[in-house]
Amino acid sequence: MDILFQFIYELPKEELYAFANSQFFSSIVGALAGAFAGAIAAHRIGSNARKREDIELELRSVNLAISAAFLTCNSMLGMKNQHIREMYENFASEKERYVQTMQNPPQGGQPIQFDTDLKTLHMPFVPFDDAIQNIQDRISINGRPLALLSAIANSLNTLRSSLEYRNKLIEEFKTLFPNIRGQETLNYYFGMPLANGSVNHEYSDTLVGIYQYTDDVIYFSSLLCSDLNKYGEELRNFYVKKYRRKIRKITRPDFNTEKAQGLMPSHDNYSDWLTMFQPHDEEGSWFQRIFSPNKASKKDAHERASS
């Protein structure tokens, strides 16, 4: 190539003009133009293929994340149904009955029996650690879904610690209760004033925490399923429209069964948290910013990206 350019540079003007109009020169220019156009086309095809593969990988990651969030929520729903709700409600009912009995003792001094639940509970397996890593590494979300990750992780850790602490208290009760009077036993258990005037609320407060943290995991993980499904549907619709290809549908967990609805915490309990993430105009994800047809600027970006 250097020899060719040196040859052209040293040619006299008349011969250079004749060379420029020759079939040989036209062939060279045509070959160079064809090679350049081919390189541009190959780059564009390669770039589009990489973008398509990136979206396919992200869509698979979205479905995996939804499945992990669903399994987390379903595990907590099962635990609440089998253990937590009954344990909490029975404790609250028995404590209220005990307080009323102490205020109005039965005639004749006959003893009244109260139920004390001293069964230990352990945290079930939840696959949420995998979901966190998958979402953070492979899914381009922001705002509320990211906040939900932290909320779920914190609630799971606190729930696990609370269950472990309740088990510890139960072991202490089993050692302590045989050595004290019956009423004092119930005062310890229900968090009522002891003979020395002190009050121990550890067990009752721990039960309240366990119930609340269980509800938190259920609510936040179900909300994460919804947010991920919405994001995944938008990304999938873009993919189908852009590349005219079929791809697996986005997982849509269903929590609308009668049993699940009876265990779901109320939205009203989380109204303050939800108000922190009110919808507003903001930049969407990368595919929304580039390819959205709703605004002229985004349409221009689409045309630039496609050129």
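Author: Ser204 is buried, with a relative accessible area of 7%; buried means under 20% relative accessible area, exposed means over 50%, and partly exposed lies in between, with a 1.4 Å probe and protein chains only. The model is predicted, so local features need pLDDT of at least 70 and side-chain atom pairs count only at pLDDT 80 or more, while totals for chains, interfaces and linings use all residues. Residues are numbered from 1 along each chain as its sequence is written, and side-chain values use heavy atoms, with hydrogens and water left out.

Ser204 sits in helix 7, residues 202–243. Helices here are DSSP runs (H or I, at least four residues), strands are E runs of at least two, and both are numbered from the N terminus. Leaving aside residues up to four places away in sequence, Ser204 touches Phe91, Lys95 and Phe190, where contact means heavy atoms within 4.5 Å.

Helix 6 covers residues 182–190 and is mostly covered, with seven of its nine residues buried. Just after helix 6 comes Gly191, with a positive phi of about 75°.

Helix 7 also packs against helix 5. Their axes come within 8 Å and cross at roughly 155°; the axes are lines fitted to C-alpha atoms, for helices over the stretch in contact, and angles run from 0 to 180 degrees between N-to-C directions. Helix 5 and helix 7 are therefore roughly antiparallel (under 35 degrees is roughly parallel, over 145 roughly antiparallel, 65 to 115 roughly perpendicular, and the rest oblique). The crossing is left-handed, meaning that the near helix is turned anticlockwise from the far one by less than a right angle; clockwise would be right-handed. The residues in the contact of helix 5 with helix 7 divide into 20 nonpolar, six polar and five charged. Ala, Val, Leu, Ile, Met, Phe, Trp, Tyr, Cys and Pro count as nonpolar, Asp, Glu, Lys and Arg as charged, and the others, Gly among them, as polar.

Helix 5 (residues 144–176) has another partner in helix 4 (residues 128–138): the two axes come within 11 Å and cross at roughly 160°. Helix 4 and helix 5 are therefore roughly antiparallel to each other, and helix 4 passes helix 5 in a left-handed crossing. From helix 4, Phe128, Ile132, Ile135 and Gln136 meet Leu149, Ile152, Ala153 and Leu156 of helix 5. By class, that contact has seven nonpolar residues, one polar and no charged ones.

Helix 3 runs over residues 23–103 and holds His83. At 34% relative accessibility, His83 counts as partly exposed. His83 and Leu121 are 38 residues apart in sequence, with their C-alpha atoms 8.2 Å apart in space.

Now the whole chain. Its secondary structure comes to eleven helices and zero strands. Of its 307 residues, 37% count as buried. Among contacts with a separation of 6 or more, 78% join residues 24 or more positions apart. The chain exposes about 19,200 Å², of which carbon and sulfur atoms supply 52%; accessible areas come from the Shrake-Rupley method with a 1.4 Å probe, and for residues only the protein chains shown count as cover.
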